[in-house]
Amino acid sequence: MAGEGGEKGNLEYTPTWVVAAVCSVIVLISFTLERTIFYLGKVLNRKNRKPLLEALEKVKEELMLLGFISLLLSVFQGPIGHLCMPINFNHHMLPCKKEKEEIAGTSHYQIASFSGILGGKRHLLSGGSGIDHCTGKGKVQLLSQEALHVLHIFIFVLAIVHVLFSLFTIILGGAKIHEWERWEDSIGKDKHNAEQERRRKFTRVLEHSFIREHFKGTGKHSAILSWLHSFIKQFYGSLTKSDYITLRLGFIQMHCKGNPKFNFHKYMIRALEEDFKRVVGISWYLWILVVIFLFLNVHGWNAYFWMAFIPLILVLAVGTKLEHVISQLAHEVAEKHTAIEGDLVIQPSDDHFWFHRPRLVLHLVHFILFHNAFEIAVFFWILIMFGFHSCIMGNVGYIIPRLVIGVTVQLLCSYSTLPLYAIVTQMGSSFKPAIFDEHVQEGLVEWAQNAKKKGPASNTKGSSSAGSLAGIQLQNVGHKELANEEAIAGNSDPSNRHQETAPAELS
């Protein structure tokens, strides 16, 4: 009977309509996903959102890698199932505790069975076709086909959760950043006549709203208060209008002084989109961390519970540091000046960041998002495959705090840390390529490649032309938008507008 049942379960004894129907559903789902990604890419390309298009390509690469991993697991499940190991190796570092009689007995694979939310029972470590092969040698299977299937599902869930969480982060964080656009518009609409612009007012530094919010005095006690204030401020009103105006002015005065109408908000959005394509991917070192996390999932260690605190600590540390950079900029001005003439101008510098590297913050945000996605993916994976009350899920007292920490990290990173990262990392000593229009970026890259091929002599001659090209772009990087606004208002002449924007177009 068993043999007959086994034969009926094989493909050669399955009705052809069942095989055709299942294949049709799989192909339809796959084709729908592929077409959705294709048309989304066309929309992004039509709207000239190249960074987001590159992020979409990164998602496609991750899906391709996921498919390749799935293919390897399917092809090698037979050979892996015939790999054997000594019996005593199977008694250590288990995710679920074995009973003594199970350790002593020969049926050590059938430990327990659990029902996942999709129905059907899953054996935690069930035997496969290679169990007889290993039993004859007095050994046990290295990894059963059932365990390979469960591992296959885990990798799929992890990749999907990471991509979805990254999208959620950029959408929520982007919504917060777009709220600052009204501050940018208010600066552009705040026009003064020539007499008012020439009239320079003296202002006491300590009376400036930016200084009042961030300057906590001098000495050791002030440093402690400054860090404490930075820690608390990330939870509410992480950035005020005076912060935005001051940081914007500091950036413009340092990097594009000749263009006071520079649209800092649009530049910040472009830079964030460029960084997003790095965050959405899963780098090789993150896969190594996945292996380490799976290795530490030993019964009694509660590793996943303790590891949940890592992204929480990091997101709080990064948020505090970003707020403290703003405080440091305020302290520099307050300690050097008692009164200022005109606007308050800060001095951006890499010295305010960890190891003088503003880009390090991006790597930390990437790690936080991935680690948090891993924690949530593990929960849903175990829930789907084994059920909520399985031994591998762990104690409920550890599960609920893990979920609360995961949701807290996701919301805090999306609504506070990412927006702070978008603006505060612009306060370094250099600007990002997103400051230039797309065609200017391509022109500079092409010039650099040609200069590298021609040698040092051409580099010396070409550096001045490249510098002038960048200078023209920086001075005109906003004139086109300004001219368009004036045309809409009926205050610009078409011929003048053409002459005004010509340098930017040529650049």
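**Close-up 1. E184 is a buried residue in a predicted model.** Its relative accessibility is 6%, and buried means under 20% relative accessible area, with exposed over 50% and partly exposed in between (1.4 Å probe, protein chains only). E184 forms a salt bridge with R248, with the closest N and O atoms 3.0 Å apart; the term covers a side-chain nitrogen of Lys or Arg within 4 Å of a carboxyl oxygen of Asp or Glu. E184 sits in helix α8 (residues 181-189) and R248 in helix α12 (residues 241-255), so the pair ties together parts that are 64 residues apart in sequence. Helices are DSSP runs of H or I, at least four residues; strands are runs of E, at least two; both are numbered from the N terminus. R248 is buried too, at 7%.

**Close-up 2. K233 and D243 meet in a salt bridge.** The N to O distance is 3.6 Å. K233 belongs to helix α11 (residues 220-233) and D243 to helix α12, so parts ten residues apart in sequence are tied together. K233 is buried at 5% relative accessible area. D243 is buried at 0%.

**Close-up 3. D275 pairs with R359 in a salt bridge.** N and O lie 2.8 Å apart. D275 lies in helix α13 (residues 264-279); R359 lies in the loop between β6 (339-341) and α17 (360-385), so the pair links parts 84 residues apart in sequence. D275 is buried at 4%, whereas R359 is partly exposed at 32%. The salt-bridge count comes to six.

**Notes.** Residues are numbered from 1 along each chain as its sequence is written. Local features need pLDDT of at least 70, side-chain atom pairs count only at pLDDT 80 or more, totals for chains, interfaces and linings use all residues, and side-chain values use heavy atoms, leaving out hydrogens and water.
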